[in-house]
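Reader: I have just opened a protein structure for the first time. Could you help me learn how to read it?

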Amino acid sequence: MTRRFLFVLGSARAEGNSELLARRAAEQLPPDVEQEWIDLTEHPVPDFEDLRHDSDHVRPTEGNVARLLDATLAATDLVIVSPLYWYSVSAQTKRYLDYWSGWLRTPGLDFKATMAGRTLWGVTALAHTQEVVADPLVGTLHNSAAYLGMRFGGVLLGNGSKPGDVLTDDAALTRAKTFFEQEAPPARFLYED
């Protein structure tokens with residue numbers, strides 16, 4: 001399968017620091033690698049409704065949820081681009097991840113088997129100099145990948161608060177140059193090690 005990257009932008013700010021850092025990393029991808037960028041602010045989805053004990057989920061055929069589902073299923077590499085908001089992913093990003101619960105229970109979709117073996121990546125900017133504060137965000141993405149049997153490429157971290165700050169984080173920009181080249185091992189829950 002030809003590599004196809006889906007960048008899911010979860011910031012409340014257009015061209016925020018996380019997106020700027022993700023675009024720097026994406027510039028390094030070979031020209032034959034397809035890229036799709038979906039901004040969750042421009043393509044909002046409603047709050048997720050959990051139907052697992054009431055009825056089956058129905059595959060969406062139109063609108064933003066359908067577009068996200070189709071793009072997610074088509075991606076070999078899924079990149080969650082979310083600023084660190086209260087030590088985890090943004091509300092927009094969390095809402096998108098919540099939809100995975102419904103897609104797992106959509107007849108005929110086989111979401112878990114389809115996503116198995118694909119790669120989940122993360123890119124985030126944080127306004128703190130201690131990167132350890134991003135551990136909950138990293139854990140959310142890592143555990144999501146482990147649950148679906150995906151590979152996990154890690155999270156590219158950059159520092160920035162005001163618009164454009166991350167472009168002065170030389171260490172993050174250096175890491176961005178090779179971020180998508182690194183080996184992405186199969187994700188495992190910590191208790192499996």
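**Reading a fold, step by step**

Author: Let's start with a residue inside the protein: T72 counts as buried, because its relative accessibility is 0% and the cut-off for buried is under 20%. Please keep in mind that this is a predicted model.

Reader: Where is T72 found, and what does T72 touch?

Author: T72 is found in helix α2. Setting aside residues up to four places away in sequence, T72 touches L6, L78, Y96, W103, F111, M115 and R118.

Reader: Which residues of α3 are buried?

Author: The general idea comes first. An α-helix has 3.6 residues a turn, so residues three or four places apart point the same way. Now the case here: the buried residues in α3 are Q92, T93, Y96, L97, Y99, W100, G102 and W103.

Reader: What do the buried residues of α3 pack against?

Author: They pack against β1 (4-9), α2 (63-74), β3 (77-81), α4 (111-115), β4 and α5 (135-148).

Reader: Let me take one of those partners, α5. How do I describe the way α3 and α5 lie?

Author: Look at the distance between the axes and the angle between them. The axes of α3 and α5 come within 12 Å and cross at roughly 10 degrees. That makes α3 roughly parallel to α5, because angles under 35 degrees count that way.

Reader: Which residues meet there?

Author: From α3, the residues are L97, W100 and L104; from α5, they are T140, L141, S144, Y147 and L148. Sorted by class, this contact has six nonpolar, two polar and no charged residues.

Reader: What about α1 and α6: at what angle do their axes cross?

Author: Helix α1 (residues 17-26) and helix α6 (residues 170-178) have axes that come within 7 Å and cross at roughly 40 degrees. That makes α1 oblique to α6. The crossing of these two helices is right-handed.

Reader: And which residues make that contact?

Author: L21, R24 and A25 in α1 meet A172, L173 and A176 in α6. By class, the contact of α1 with α6 has five nonpolar, no polar and one charged residues.

Reader: Staying with α1, is A26 buried or exposed?

Author: A26, which is found in helix α1, counts as buried, at 5% relative accessibility. Apart from residues up to four places away in sequence, A26 touches F7, Q35, W37 and F180.

Reader: What would I find for F152 in strand β5?

Author: Strand β5 spans residues 151-159, and F152 is buried there, with a relative accessible area of 9%. Leaving aside neighbours within four places in sequence, F152 is in contact with L120, V138, L141, H142, A145, A184, P185 and A187.

Reader: Last topic: loops. What is phi of W86, and what is phi of Y87?

Author: Phi is a backbone angle to check residue by residue. For W86, phi is near 50 degrees, a positive value in a residue other than glycine. For Y87, phi is near 75 degrees, again a positive value in a residue other than glycine.

Reader: Where are W86 and Y87, and how exposed are they?

Author: W86 is found in the loop between β3 and α3, and Y87 lies in the loop between β3 and α3 as well. W86 is exposed, with a relative accessible area of 78%, whereas Y87 is partly exposed, at 43%.

Conventions
Residues numbered from 1 in each chain as written. Predicted model: local features only at pLDDT ≥ 70, side-chain atom pairs only at ≥ 80, totals over all residues. Heavy atoms only, no water. Axes fitted to C-alpha atoms, helices over the stretch in contact; angles between N-to-C directions. Helix = DSSP H or I, 4+ residues; strand = E, 2+ residues; numbered from the N terminus. Parallel < 35°, antiparallel > 145°, perpendicular 65-115°, else oblique. Left-handed = near helix turned anticlockwise from the far one by under 90°. Contact = heavy atoms within 4.5 Å. Nonpolar A, V, L, I, M, F, W, Y, C, P; charged D, E, K, R; others polar. Buried < 20%, exposed > 50% of the residue type's maximum accessible area, 1.4 Å probe, protein only.
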